[in-house]
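This report goes from a pair of contact lists to the whole chain. Keep the model in view while reading.

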Amino acid sequence: ILSSKQTKHINKNAKLRTATLYMVLKCADLGHSAKIREQHLNWTQRVIDELFKQGDKEKEKKLPVKEYMDRTKNVNLGHSQATFFQLVVLPMFTPTCKHLGLEDPILHHVQANLSHWRTKEAARSRARTEAAASGGGRPTRFARAKTTSSTKATAAHP
């Protein structure tokens with residue numbers, strides 16, 4: 001018969017294994033975030049296409065459509081992806097990878113992809129500021145996202 005101390009230890013280990021498995025599955029769901037840039041951009045475009053298709057179906061049913069699911073709205077992909085990485089991807093991947101000892105290469109790719117989106121966002125912001133300063137009128141707030149599935153994720157940026 002196990003002592004209560006042994007039972008507590010077994011239960012604690014089982015809970016840790018369950019929590020670890022849960023986080024690994026959540027990370028796998030967002031696995032494209034940890035791929036090399038070319039693969040990440042390809043998968044990002046696939047996700048965007050899926051979101052737009054969902055938005056199209058909601059429009060057909062006369063339901064409200066979230067802005068990021070509406071292909072007719074302006075989409076700032078750099079900003080939305082950088083924010084997604086900061087609020088969802090990093091908080092999920094960082095502790096999971098550190099717990100499992102997988103910081104390299106997984107977190108390296110996550111950080112590189114976040115850097116890519118931050119660079120896109122900063123370039124877009126500079127272009128808007130320069131256009132406004134040059135008297136060229138108020139620039140478009142966001143770049144229009146391409147609506148075809150063959151479009152690369154980077155095509156949403158000027």
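Contact here means heavy atoms within 4.5 Å. The model is predicted.

By that criterion, Phe85 touches Ser33, His40, Leu90, Pro91, Val110, Asn113, Leu114 and Trp117, leaving aside residues up to four places away in sequence. His40 is buried, because its relative accessible area is 0%, and buried means under 20%. With residues up to four places away in sequence again left out, His40 touches His32, Ser33, Lys35, Gln81, Phe85, Asn113 and Trp117.

Next, the core. The largest nonpolar core has 19 residues. Those with the most contacts inside it are Leu30, Phe85, Val89, Phe93, Val110, Leu114 and Trp117. H2, helix H3 (77-100) and helix H4 (103-133) each give two or more residues to this core. H3 supplies the largest share, eight residues.

Now the chain as a whole. Its secondary structure comes to four helices and zero strands. From the N terminus on, the order is α-α-α-α. Among contacts between residues at least 6 apart in sequence, 63% join residues at least 24 apart.

| Chain property | Value |
|---|---|
| Buried residues | 29% of the 158 residues |
| Accessible surface | about 10,600 Å² |
| Part of the accessible surface belonging to carbon and sulfur atoms | 56% |

Terms used: Residues are numbered from 1 along each chain as its sequence is written. This is a predicted model: local features need pLDDT of at least 70, side-chain atom pairs count only at pLDDT 80 or more; totals for chains, interfaces and linings use all residues. Side-chain values use heavy atoms; hydrogens and water are left out. Buried means under 20% relative accessible area, exposed over 50%, partly exposed in between (1.4 Å probe, protein chains only). A nonpolar core is a set of buried Ala, Val, Leu, Ile, Met, Phe, Trp, Tyr and Cys residues joined through side-chain atoms within 4.5 Å. Accessible areas come from the Shrake-Rupley method with a 1.4 Å probe; for residues, only the protein chains shown count as cover.
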